[in-house]
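Reader: I've got a model open and I'd like to learn how to read its side-chain pairings. Could you walk me through it?

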Amino acid sequence: MTRSTTRPTEAEEFLTALQDTPPHALTACPEWTVHDTGAHLAGIYEEVIRHVQAYAAGTPLTTTRSFEEREAPFRELSAPQLLNIVDREEQRMRQEIHAVIDEEPDATLWWTGRWMRVDAFLSHLRNECAIHRWDIYGDDETNMKLLQQFDLFKHAVTNIGPKPLCARGINKYGAELSGLSARIRTEGLPDLHITISGTVPTMEIVDPTDEPTISGDQEARLLLLWGRSPTPATRLQATGPHDTVLRLRRLLSGY
């Protein structure tokens, strides 16, 4: 593969994992193999390119294809074919994004039911690559460095947001989560404050004032937000009332 010198570290490390790991190896996503994870990234790259190109042409898209619709064709490819496509489409995505934001820095388009700044897709895919590399390799030294980056956490909260990050928990537990107010804390950084009104979640990055519900290191906190559990799980501590901790963990059941 020919690699771009400006490729983000997260994408480079994900590509290396995809290349070096058997395609049928299982991952921390119960329904996915390594090959499925590659198909997921290929599908995101292709879909972002479709939206950004349509925006640039003055015909922005109003709907985003589902995961299954995007990913199914890529799952049928051989491992080498998929690797080359992920490599190529990651580069194309960055090129298309920069072509738009060089002309219109504040460009915004409609993506999965919400408005998304075009430049935010760069952080979004860094997040995706880091999280899914963790799904393959777990808590190795590289993932510790990648997932400790506060900007990835901030992007997940402000650009991905509570609706997708909490969707599985809301769908499964529904009204029993109503009224939840919880804080997740990493020492020396702002808190994440999560609330539920009815079945509508909100997330806000706030100063660490009130008592936290769960505390842990920054990598562990980001994994919790994405519905994962660090190794060992004891890196996260229950520092709030038992019922609040339980409901918060149920809420963050996965994307």
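**Charges and rings**

Author: Let's start with charges: the count here comes to 27 salt bridges, each being a side-chain nitrogen of Lys or Arg within 4 Å of a carboxyl oxygen of Asp or Glu. This is a predicted model, where local features need pLDDT of at least 70, side-chain atom pairs count only at pLDDT 80 or more, and totals for chains, interfaces and linings use all residues. Residues are numbered from 1 along each chain as its sequence is written, and side-chain values use heavy atoms, leaving out hydrogens and water.

Reader: Which side chain does R65 meet in a salt bridge?

Author: That's E47, at 2.5 Å from N to O. R65 lies in the loop between α2 (34–56) and α3 (67–75) while E47 is in helix α2, so the pair ties together parts that are 18 residues apart in sequence. Helices here are DSSP runs of H or I with at least four residues, strands are E runs of at least two, and both are numbered from the N terminus.

Reader: Is E47 buried or exposed?

Author: Buried means under 20% relative accessible area, exposed over 50%, and partly exposed in between (1.4 Å probe, protein chains only). E47 has 0%, so it's buried.

Reader: How do I read aromatic pairs?

Author: Rings of Phe, Tyr and Trp (its six-membered ring) pair if their centres lie within 6.5 Å; planes under 30 degrees apart are stacked, over 60 edge-to-face, the rest tilted. There are three such pairs in this structure. With W111 and F121, the centres are 5.0 Å apart and the planes at 85°, so you call that one edge-to-face. W111 sits in strand β1 (residues 108–111) and F121 in helix α5 (residues 120–137), 10 residues apart, so to speak a link between distant parts of the chain.

Reader: What about F150 and F153?

Author: They make a tilted pair, 5.8 Å centre to centre with 35° between the planes. Both lie in helix α7 (residues 150–160), three residues apart, about one turn of the helix. F150 is partly exposed at 24%, whereas F153 is buried at 0%.

Reader: Which residue lies over the face of F153?

Author: R221, at 4.1 Å from the ring centre. The rule wants NZ of Lys or CZ of Arg within 6 Å of the ring centre and within 35 degrees of the ring normal. R221 is buried yet has no salt bridge; D191, the nearest side chain of opposite charge, is 5.0 Å away. D191 does meet R183 in a salt bridge (2.9 Å, N to O).

Definitions and conventions:
Lys and Arg count as positive and Asp and Glu as negative; His and the chain ends are not counted.
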